[in-house]
Amino acid sequence: VALSKGGCSLLSDEEFNHGAFLGMVMGQSGIGKFSATELTKQLSGKSAYAGIGVDGYEHAVNAGGSPKDIETILQLIYLNFTSPRFDETDLENLKKMYVPYFKNMEVDPGYISQRELLKTLYKGHPRREITSSEDIDAINLAALADVHKKLYSYANDFRFTIVGNVDLETLKPLVEKYIGSLPTSKKSVYSVHDDGVRMADGAVTNDFKVAMQQPKVSVFLVYNGAIANNAKNRMALDLLSRALDSRYLVSIREEKGGTYGVGVNGGIDKYPVEAYQLMIAFDTNEQLADELIEICDAELRKIAEEGPLADDIAKSKEFLQKNYNNVLENNSGWMSAIERWYEEGYNFKEEYLGVVESVTLEDVKALAAKILEDNNRTLVVMRPEAAAE
């Protein structure tokens, strides 16, 4: 992975859309003098890929493949920096495929629920809107080329991390040849700009109705607030999420039979400001929806007042401890660990098990209490429109 800080935050609001779609368009267009079809032929018999990835606050070239094809992998990385291919025919073909797809999606209840969730949670910020057919239709080659130039015209802002069973003596001259020859610049920025994106404050509700063929109610309950992005806080939030998941399995799925399952996801963002979000999501029916929302809040309150069940936390810790070795047996686990080391000096290999052990029942209880005290609660409920008489 070649990773740099900034991503779409370095782009203007007018450029943002093209930054978000840069990787998708380049992936459909091939690279350098090779169209996507020609590139596939060139790579026949080889295991090698590379592609651009741009998100809100980072931009990267993600690559991989077989150790024996390491030179081809590095060649592809080099070309993604130096020789993007923007072809009008490729772009028109992409639009013919995706514009009708998104037009169809725009009347789909699942799409509508995600659109309303983003709009409500991020207060209508243009950088947190769901992709629409208009967004795809508005892509143009000149703007894509400008965005690529802005983000990828030099490489000294990037950290190159290579993980895998590749011989270092073989690797060194290839890195010098392909990565060492990438262009550089004296105006490197390697930073994130504050793009003004913030989650909603206070208690916010968006309760709306949509026509649907198979009536159901979709519920999204999101808590958010400021918190330091460090290993202990991430672990406390993970354990709280798992404790809630365990409680909802009993109180909502088993006792109420109200849904197939409740999804609980917690995470801490570093950019543009350090903040947590805890999302609880489920589908149910009109008769049970409001009661189940109350149960979701009540379980969180119970943990804030009484602490989580010791057995729930013990089981979660046991799972995380067993999973630790699995993480270190794959490339993506090491890639993530290396990134943490560079970003915050956190040694996952040496410190993770200690962090798991260090988070107490009291820590989880205190976090639940903080979430309720912050009182930033966004509720989005999509209900079916009543059938016409």
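Visitor: How do you know that the span of helix H10 agrees with its 18 residues?

Guide: Let's work it through, keeping in mind that this is a predicted model. The expected span is 1.5 Å times one less than the number of residues. For the 18 residues of helix H10 (residues 289–306) that should give 26 Å, and the end C-alpha atoms are 26 Å apart, which agrees.

Visitor: What makes cysteine 296 count as buried?

Guide: Buried means under 20% relative accessible area. Cysteine 296 has a relative accessible area of 1%, so it is buried. In H10 the buried residues also include Leu292, Ile293, Leu300 and Ile303.

Visitor: What covers the buried residues of H10?

Guide: The cover includes strands S6, S8 and S9, along with helix H9 (231–254) and helix H14 (361–374). Just after H10 comes glycine 307, with a positive phi of about 85°.

Visitor: Is cysteine 8 buried or exposed?

Guide: Cysteine 8 has 3% relative accessibility; the cut-off for buried is under 20%, so cysteine 8 counts as buried.

Visitor: How many disulfides does the structure hold?

Guide: It holds 0 disulfides. To count as one, a pair of cysteine sulfur atoms would have to lie within 2.5 Å.

Visitor: Why are strands S6 and S8 called paired?

Guide: Two strands pair if there are at least two bridges between them. Strand S6 (residues 217–226) and strand S8 (residues 275–284) are joined by 10 bridges, so they pair, and they run antiparallel. One of the bridges links alanine 226 with alanine 275 in S8.

Visitor: Which strands are at the edges of the sheet?

Guide: The sheet is open, with 5 strands in the order S5-S9-S6-S8-S7 and mixed pairing. Strand S5 (203–210) and strand S7 (263–269) are the edge strands, as each pairs on one side only. Neighbouring strands here are turned by 10° against each other on average, direction ignored. Helix H5 (residues 109–121) packs on this sheet, touching S5, S6, S8 and strand S9 (377–384), and its direction makes about 160° with that of S5.

Visitor: What makes S1 and S3 a pair?

Guide: The threshold is at least two bridges. Strand S1 (residues 2–5) and strand S3 (residues 58–65) have 4 bridges, so they pair, in the antiparallel sense. Leucine 3 stands opposite alanine 60 in S3.

Visitor: How many residues lie between S2 and S3 in their hairpin?

Guide: There are 3 residues between them. Strand S2 (residues 48–54) is joined to S3 by 7 bridges, and the two run antiparallel. Within this pairing, alanine 50 stands opposite alanine 63 in S3.

Methods: Residues numbered from 1 in each chain as written. Predicted model: local features only at pLDDT ≥ 70, side-chain atom pairs only at ≥ 80, totals over all residues. Heavy atoms only, no water. Axes fitted to C-alpha atoms, helices over the stretch in contact; angles between N-to-C directions. Contact = heavy atoms within 4.5 Å. Buried < 20%, exposed > 50% of the residue type's maximum accessible area, 1.4 Å probe, protein only.
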